[in-house]
Amino acid sequence: MAETPLAFEIATFAVLAVFFVVDLFVIGRKPHVPSTKECVQHIAFFVVMALIFGGLMWFFAGSKPAIEFYSGWLTEYSLSIDNLFVFVIIMSNFAVPKQLQKFVLSIGITIALVLRGVFILIGAAIISRFTWVFFLFGAFLIVTAIKLVTGGDEDEEYHENGLIRALRKVIKITDEYDGEKLRTVKNGAKYWTPMLIVFLTIGTTDVMFAFDSIPAIFGLTKDPFIVFTSNVFALLGLQQLYFLLGELLDKLVYLPLGLSVVLGFIGVKLIMEALHGNSLPFLNGGQPISWVPEVPTWLSLVVIVFAIGGAALASVLKMRAVEKNGK
């Protein structure tokens, strides 16, 4: 399914590995609260790198893979911003000290990237053998879009998943942090610190988000390389975005609406693709339904840009109006 040259893919993985090492283990190694200037510079760098990468994709592989990357990256980035709401709740729930939050996010995002990589490989293998899975992906995204509009997908408080609850029962965990340490000594006995739970919570929670984002990106491209790089560029700089947005997150009131339009559109697109390449025996005798139109890649990008851009602009205008009326 890959459309990009192997040498380009290898070079990309090498560069992204360097980005992650520098971002998470050099710049992010020292726990601190990043300044607004640091956050803006960091985010701008990775946004520019993503734009350049898309341009290189266009040069080496053609316009279609490049447009698929831009569409996937914008979708994943927008979903990542929405997911920051849950990160804020998690940090508050575990009372993570402010100066340690960047470090926690860095490690958690690393865990999430590894787990997402596995998820993408599994998803690609399933799709290559069972194209009917697009019906399931499409239906799931449409239901998710409806939940976003109706508010049924809002997370007002964080609930520990089964893995974390089970872990608490089998190991001793103290309620106090000891810097970055995972293990500490208390009254002569060794304990795990809450840092372990926070790492696992951030990482596993982000994988739960993948149940929305991975089907969405597979609705835009079938190339695992583009799926993976879109996710990587969406995760890079996410911890800086967390601090930059800060209290502004709850003011992005129209972001869920914009995301619902995107997910709903991709869900319909997936179902149309499944019908167009139908192999289910109870539909049209197991033959493709040729009259179902194919949605061009450029149209997906246009819908995503207008939906997310419009939601962001509307949120900013409403925020300014509220601030003006409040004075």
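Helices (H or I, at least four residues) and strands (E, at least two) are DSSP runs numbered from the N terminus. The structure is a predicted model, in which local features need pLDDT of at least 70 and side-chain atom pairs count only at pLDDT 80 or more, whereas totals for chains, interfaces and linings use all residues. Residues are numbered from 1 along each chain as its sequence is written, and side-chain values use heavy atoms, with hydrogens and water left out.

The chain comprises eleven helices and two strands, and its elements follow the order α-α-α-α-α-α-β-β-α-α-α-α-α from the N terminus.

Helix α2 (residues 36–61) packs against helix α9 (residues 238–245) at an angle of about 135°, their axes being 9 Å apart; axes are lines fitted to C-alpha atoms, for helices over the stretch in contact, and angles run from 0 to 180 degrees between N-to-C directions. The two helices, α2 and α9, are therefore oblique to each other, since angles under 35 degrees count as roughly parallel, over 145 as roughly antiparallel, 65 to 115 as roughly perpendicular and the rest as oblique. Residues T36, C39, V40, H42 and I43 of α2 meet Q240, L241, F243 and L244 of α9, contact meaning heavy atoms within 4.5 Å.
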